[in-house]
Every structure is written in structure tokens, then in C-alpha cells.
Amino acid sequence: MTTIGTGWRKALGWAVLALLVLITLFPFYWMLRVSLSDNRALAADADSLLPAGLTLGAFERVLGLASLEEARAQGGSGASIDFGRFLLNSVLTSTLITAGQVLFSSMAAYAFARLRWPGRDAVFFVFLTALMIPPIFTALPNFVLMRDLKLLNTYAAIVLPFFFMTPFAVFFMRQFMLGISREVEEAARIDGAGHPRIFFRIILPMSRAPLATLALLAYVTAWNEYFWPLLVGQGEGVRVLTVALGVFRSQTPQGSPDWAGLMAATLLAALPVIALFAAFGRRIVDSIQFSGIK
Amino acid sequence: MTAARRGDLRVALLFLLPAGFGFVLFYAWPALQTFYLSFTDYSLLAAPNWVGAQNYRDALGDARFGNALLVTVEYVVINIGVQTVVALLVAVLMHRLTKSSFVRGLLLLPYLIANVVVALVWYNMLDAQLGIVNAVLSWVGIDPVAFFGETSTAIPTIALVNVWRHLGYTALLIFAGLQAIPRSVYEAAAIDGASEWRIFRGVTLPLLRPVLAMVLVLTVVGSFQIFDTVAVTTRGGPVDATRVIYFYIYEKAFQQFDFGYAAALSVVLFAILAGLAVAQLRLLRAGSSDLD
Amino acid sequence: MHNKLSKPAALAAAVSLALAGCAGAPGGGSGSDEITYWLWDANQLPAYQACATSFQQANPGTTVKVEQFGWADYWNKLTTDLVAGTAPDVFTNHLNYFPTYAGKNQLLPLDEFVARDAVPTDVYPNDLADLWTTQDGKRYGLPKDFDTVALFYNKKMLAEAGVAESDLANLTWNPQDGGTYEKLIARLTVDANGVRGDQPGFDKSKVAVHGLGLDENNGAGVGQQMWSAYALSTGWTYTDKNPWGSRFNYDDPRFQQTMGWFRSLIDKGYMPSLAVARSGTSVNDGFGAGKYALSTNGSWMINSYFGYDGVEVGVAPTPTGPSGKRATIFNGLADSIYTGTDNREGAWKWVKHLASAECQKSVGEKAVVFPALPEALAVAEKSFAAKGVDITAFTKPLAEGSTHLFPITDHAPEISAVMGPAIDAVLSSQADPGSLTQANEQVNALFR
């Protein structure tokens, strides 16, 4: 336990972390490299670390700045994209999903973690089994439901299935709420506070750190949702970014995708979320540091 | 006391109302529907016919279903094994070395990229002839490896690609659990002069139990549903080496239009996963807290 | 409390009603004066958009909404929409899915319309129109385009090997020694030391350029662009009759010898192993990167093969086999009408327009696919030539009568599920070609 030993251990720890960060980042560099390449030159330049035939053409295609002829000449498709509009749709639906899901799932978690009632654990387990239902079996009935509610091609259809809960969110918040000390709660109850008050004034503020984590994960998941919005939100007005960028995936059974376009689209779709994290990251960290959990 | 319990029940129902509504509408009802269809011959495009337990009897004699289960278990063991250990290591390292949200953000980046794209990028990078990874290997004199193409390496490769995507996410969940451990506990242990390893074994791990249990249940269940990566890369091949269970179910339902049989297979999968979750929760006593 | 529970209860009732109507109830589609049309190839979107515009001018009051989805999304979304009754009025159909959809009454028979408007179905080459009729003689589609298979080659590699391009027009092949075709493949294979496949000292463990590329797709029981050209040139046929055969011939020695020969190319180092072919990039990208000198592929891939920077490409017809003829699969797409459309007349008018010379010519001008109508094909031939592509290697088999229709049968998806892994096992040397007899029994059992 000498200082030298500690120093060495720290260095080793940093080295391991650095290696993992490197492995994490390399594919991103590769995506950037491909997105800056010319599709026609990619094959011949496969083992080069630099872009093949450096061009911004892919980004122009994704942003809808390239003309049809230019796009086709670069090995892309002729589909055009209203990036700004679809970005707005993505922000809107992801924000709605996150807000509803975090609030309602926390409420359910409170009932499962902080309240005592008969059958609680059984009901919780039933909620948990929702994790195990393969999505292909829920997509079809839910689609038919949206059709009958006349909600196809509305924001509501895109948002609703994820708005009230996800089993993950309920489970996650419950596990954290289990760990909150009961004393604070008891003190509040003696002061005459009701459950809604305890939940909003004590439990939620004390759970800020897990709430922030959950919100972040919920947002990313909603942002990446693809097949559901493709089913119910194909209309131009409500189309989200992932669906719009689906154009860059394989078009024909055997044809190769527009690689550069696909990578450019992926990076551009991830950028807003990264920007969001950068803007709110500090706040999340602060909330964790000052959170009531001790 | 009984009055108090009843009081809690009413409040609990109120708090559960929105989530319960979503659960019934978007999860429970479709699940029941699937359960019903598993007893029918249903092609999606024509009305279902009741056939009793025939689909389940067929599943028992379906060697490829058995193979799919085996392949999936191999995937889950590699995926969860590597992911949990490395994520725990990363979380502890981050906790001890840096509170920087930047590092956490970097590690979470892969989670921002859709499954399908992650699969395509790695598929491209790992190609035996044109992939950059094999190019780098050849610079140090290693013969090219057909990671996705070889029967023996395909599943481990897919498992590790998904570790890449979910490592930061899993580490973040565990990290959140670590932060919930009171600092005073560590300080007490440090004063006692306990070594790092003993603090980890004796203090960190037990206190991390509820969160670790949750992470394991979530990741194991999620891991069993591996689909996207297979669908855009190996599509079940070579031969049946990567025909994981969910891909097999998908093929039955949407390519062969044998939806009733696919529903039966998914009920079996559901039962396996539920059993596994119960076992995990029991083993890890995830529901116990110091408060009950 | 009661009030709060009634809302979900009402909704739950709505859901059960919804699901009751889930068994493909018709009545979907779009508004009666709007026709929705789906296709998957973004490269063809501009051409069909142009067709829609000219259609709307000729039919005021009817609008056509063209929507495009990538290949995989297309079928998932179409199936969901068929189940929910919200499928598009008209959509591009593929032979993989057509028998299933027709068998499940999702497609509108066109016979009455065809007869009423006297639309000719005998103008298409080599029975192409027969692909889109079912066993009971009903027609569910009018051909829009066709495709065949040919041999792409790297001109520079040919020159380096001292092979004249003209030699490729007269290649012969047989399953015993591979004929002049295998000699060519061997000649074009080069190892890391520069030794060619037909020279002494050739190191098959370190091959720099494979003579022939292996497709990354699992060809299942058809092997369209992989091995069908060889197997069919022996006189072998997939089924007892086509379309709508009910007995497969994967137990035929001619077929199994062909697969044995095909695998021997891997053993000799002339073709990459199955593992390498499946490890990531496509066979065309391998060709574009100079890893393969030859590559058999379909006409739908022309623009990919000719699109690589710095690679000079030529196309030759596939080799002549033991039957004395060469062979290629002859296949294509068609437009079908959804039974649930609420505007059958409008949908038919649009399908008729899609099959018209006017629309097909405008598709031909874009030089993406081969239109089904001969006069439109002539237009495509010119526009391909303008891009420097000579398509005669693909069209020659039509005139020679060496085309074979894609095998149309019931149970196609189940057959793929059996044959895909079975052929994989042979190509990766986990099983002998003789094992295909057993797979054949499994396939034929589906028809009993």
C-alpha cells in the first residue's frame, strides 16, 4: 500500500480504460472515414485508414443538397430528405416518450418499492414479464389498434406504446427506490404529508441520479426506434429521422447499400443526441453529485 | 395495521394506473393474443384454425428449434459473460479514477448507433479479404480470419460485436449503482486498512446486489432476443451456425407465414425466460432491501 | 375509481374488436381517387415517378402516390399492412412472395381486365408472362422487367493473363473437368508470389486473386447467380415441370456432380471458401477491389459492377454446357393489385399504364433494369450503351432460347429453409453432394 504501488495501479487502471475507449472509438472513426469516401473508390481502397476519394458528397445527399444526378453518379440513390423537418419530429416524439415514460414508470416503481399492499411482488413480476414478449408479436396487434383508433400517421401513434411505461423503466426505478432509507419518508409522514407529496417532494428529488440515467437511456432508445415508426408514421408530416434515413439502407435484394450515405446518415442522426448530452451532461453530473442519495 | 395495508393498496393502484394502462394495452393484450394463436394454425393472411397443442408437439420434435436454442445459449453465455465482467471493471475503474462525464459519454457512444448499423459496420470491418481489422492483423503477420463466415467463430463474433454496443450502457447502469453506495462505507473500510480487492468483495459487491441483479435480468433477457445483428449479417448461416431462436421464430412467422407455430415457439421462449428471471431474482435476492 | 377504470375497459373492448377484424378484412387502400403504389428500388423511383406524372395527365382526377421502402422493410411492412387491411392499392411483386400472397387471396386476378381491355400477354419474350399465373390459370401480374445472368470480367486481368476477350464468348463447361471455363478460371487465379493457378508451384493457401468470385448470398435451392447456369446447362431442371412443379430433382446425378465441381473450385484455390465469401463484403465489392477476375451475377447488378473507379469491366455470356447450350435463369418483376383496394378500376388503369410501352420506355431510358417489352428493351439497350455497357451477353440467351424460368412452386420459403443450410454444408465441405438426396426427400415431402 505504498504511494508508488497506488500510482502504478492507477496507471494500470487508466491504461485499461484508455484501451477500452480506443476500441469503442475506432469504429466511429471508421464510420467517419467511410462517410467521407466516394462509394466507387471504397472497394479498391479497402485497407486504407484514410477516406477513399475524399468527398462531402454523402453528407450532401443525406441533407438533400445533392441533385438526383449527382447522387446517382456517386453511387447513391435519388431519394431526397427534408432533414430539418424529420429532425424536429424525432426531437418531439423522443421528448414526449421520455417525459411520459420516466414519470409514469417512476410512479409505478414507487408503488412497487415503497408501498405495501397484498400481491405486490406478483404484480411486479407480471409487469416484468413484459420484457420477455418478442416485439414482433406486439407490433402487429398494436398496429391494428392504431389503425382502428384512426391514429395512423400521427405523433400519438409513434409515442403511445412507449409513453406509459416500459418494463425496463419500471424495473430500473424500482431497484433504486428500494435502496432509499425509510426514515426520511417516515418523518415526512409524521408531518402529515400524503403519498403524492412524499413521491414528488421527497422520493423523486432523492432519485435524481437514476432518473437522469433513465431519461438519457429512454431518450436514446426512443431516438433509435425504427420499425414501429416505420409502420405507423410513414406520412411526411410525422416521419422521424430513423425512418427517413432508412432510404440509405439496402434498396434491392442483392445490391450493396450506399455505404458512404448510410454512414453519413448514421453520424448525422447521432449528432443531435450527442449535442444534447454535451449541453445537459454537466447538469446530469451535478444532479448526481448533489442528489440526496448518501 | 390491516387498515394501513388497505390504504396502501388504494394509493398503489392510483400510482400504477398510467403504467398499468400502458401495460395492459400494449403488452398484456398482444401477449394473450399470441398465446391464443399458439394453439391455432394461422398464416397471418387467413383466419386462424384451432389445432390444440399441435404446434407444441411439433416444437418438441423440431431438431432445428433445439439447435436454435443451443446456438442462442452459446451466444448469451459469451455475450453476458464478457459484457458483465468488463462492464463491472469499467464501472469500478470509472468510479475510482474519474467522475468525468466525458469518459462515460465516450463509452456510451456505441449505444447511440442503431443495432443494424452497428452490425453492418462491424461486418464491413471484419471481412476476411477487405476488412480493416484483417488488414491490421496482416501488418503484424497474422493470417486473415473469416470472423462472420466460419462456423466456429460466427457466434462469438456476433456476441462480441454486441458487447461493443452495450458495454457503456451496462457500465453506466452499474456505475449508477456504485454511486448509490454511501461514501462513508468505503471510508470505514479504508480506515480498517482493507485491500482494494477485499473492499470490492466485502463491501461493493454486496451493496451493488439489487442493481447487479437488475442488470443481469435485463441483459440476459435482452440477450436471448438477439435478432438484428444476425438478420443483417449471417442470416442464420453458415449452415445453421447462427440461426438463433428469435431469428428462427421470425423466419417461421414472416417468411414461411407459419404464424401459429412461431407463436408457440415464442411462448416456449417466454416460459424459459420467465423461469430464468425468477431463478436470477431468487439467487440474487434482488427484491430484498434493508427496509422490509 | 369507477370512472377511472372505465376508460381502459372501453379501450380494451376496442382492441378486441380491432383484432377480430385482423384476419385480412378488405376495405383498406387509400381514398378512391388516390392510388398508392409501392416499390423497393430507390434507383427506379425517378422513372416511376415520371410514369405517375404522365398517368395523372391522362387521367385527371386520379392521383398516384409512389412510396419507396428498402428491400427488407418493404416485405415486413407490406405483410403488416396486408394483415391490417391497409396495404397499397398496387405494389411491385417478387416471385419469392407471389405464390404465397396469391394463395392467400391477397392479390386481385387480372384476367377479366386483361380480356376486357384486350391487353396482349404474348408480346413478352420466352414465356415471361407465364411466371405470374397460378396453377388455376389466373393472372396476378403483368411483367415490368426481366433479368438474366452473365459473367462479369476484369479486362486488365484478362490482358495480363494473355486471354483475348473474344475467347470468352465460346467457353465450354462440363462437371467432370470444368472444360475451357475451368482452364480460364485457373489461368486467372494468381497466388501471392505471382504464380498462376495453372502453373506448377501454385500455392492455393495464399491466393491473391481468385479466378472466380463466390456470391455472399445464400442461393438456397435456386443458386440463381451462383451455380444455376452450370446445373441447368447439363440439361437438369429444378422440377418435373415449371411453373408449378411438385417434385424437385436435387437427387439427380447431374445436379450433384455440378455441385461437386463447384465445390472443387474452392478446394483448388480458384474460388474463395464459403467462410471468406460470407465474412463481410459482397462479391461485387470483392470484384471491384481486384480480388476476383470473374464473377457471375445478374443483370440487376450491372450498375454496381460498372461503377468501380479504375476497374475496366466486360460481360460475357455463361459457358456452354454438356447439353450443347448455355443456360441462364430468366426472371423478373411484376405489378400486382391488392384485393382490398377500394378502387379496382383505378388500380387496374395504373397497372396497365405501368405495363405500357410509354412507361416502360421511360424506365428503359434510366438504364437501371431491362424493361419487359421488346420495344422498351431497345431503348434500354441504347441508354446502357451510352453509359459504356454492352448488354448483349445478357440478352443473347433470349434469342438463343437458352433461358430457364425461375422455379415457381408452392412452399418456396420452406424449400429455402431446407436447401439453404444443405447447400451451405456441401460448399463448406461439411457434407458430400450425395447428402442433397436426403434434402430432396425433405423438399418433396412438402408436396405430399
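Visitor: In what order do the five strands of the open sheet in chain C stand?
Guide: This is a predicted model. In chain C, five strands build an open sheet with mixed pairing. Their order is E6-E7-E8-E5-E9.

Visitor: Which strands of chain C stand at the edges of that sheet, and why is one side of each left without a neighbour?
Guide: An edge strand here has a single partner strand, so one of its sides has no neighbour in the sheet. That holds for two strands of chain C, 190-191 and 313-316. They are E6 and E9.

Visitor: How many bridges join E6(C) to strand E7 of chain C?
Guide: E7(C) covers residues 207-212 and runs antiparallel to E6(C). One of the bridge pairs is C:Val190 with C:Val209 in E7(C). The number of bridges joining E6(C) to E7(C) is two.

Visitor: At about what angle to E7(C) does helix H7 of chain C run?
Guide: Helix H7(C) spans residues 179-188. The helix lies across E7 and strand E8 (292-298) of chain C. Its angle to E7(C) is about 160 degrees.

Visitor: How many residues of chain C are in contact with chain B, and which helix gives the most?
Guide: On the chain B side, 35 residues take part, against 37 residues of chain C. Helices H1, H3, H10, H11 and H17 of chain C each supply at least two residues. H17(C), residues 412-427, gives the most, with seven residues. So much for the numbers: 37 residues of chain C, and the helix is H17(C).

Visitor: How does the side of chain C that touches chain B divide by class?
Guide: Charged residues number seven on this side of chain C. The polar class has 13. The nonpolar class has 17.

Visitor: Which helix of chain B gives the most to the side that touches chain A?
Guide: The contact takes 71 residues from chain A and 65 residues from chain B. One helix of chain B, residues 2-37, gives 19 residues to that side. This helix is H1(B).

Visitor: What percentage of the residues in chain A is buried?
Guide: Chain A has 15 helices and zero strands. Among its contacts with a separation of 6 or more, 71% join residues 24 or more positions apart. Of the 294 residues in chain A, the buried share is 52%.

Visitor: Which peptide bond of chain B is cis?
Guide: Look in the loop between helix H10 (228-232) and helix H11 (245-255) of chain B, where B:Pro238 is found. Omega is near -10 degrees. The cis bond runs from B:Gly237 to B:Pro238.

Visitor: What is omega for the cis bond that joins C:Asn242 and C:Pro243?
Guide: C:Pro243 sits in the loop between helix H8 (228-232) and helix H9 (253-267) of chain C. The bond from C:Asn242 to C:Pro243 is cis. Its omega is about 0 degrees.

Visitor: Why does C:Ala118 count as exposed?
Guide: C:Ala118 is in the loop between helix H5 (111-116) and strand E4 (142-147) of chain C. Its phi is positive, near 50 degrees, in a residue other than glycine. C:Ala118 counts as exposed because its C-beta neighbours inside 10 Å number 6.

Visitor: Where is A:Asn153, and what is its phi?
Guide: A:Asn153 is partly exposed, with 17 other C-beta atoms within 10 Å. Its place is the loop between helix H7 (135-148) and helix H8 (155-163) of chain A.

Methods
Residues numbered from 1 in each chain as written. Chains lettered and ligands numbered in written order. Predicted model: local features only at pLDDT ≥ 70, side-chain atom pairs only at ≥ 80, totals over all residues. Contact = placed C-beta atoms within 7 Å. Helix = DSSP H or I, 4+ residues; strand = E, 2+ residues; numbered from the N terminus. Nonpolar A, V, L, I, M, F, W, Y, C, P; charged D, E, K, R; others polar. Pairing = 2+ DSSP bridges. Axes fitted to C-alpha atoms, helices over the stretch in contact; angles between N-to-C directions. Buried ≥ 20, exposed ≤ 12 C-beta atoms within 10 Å, placed from the backbone.
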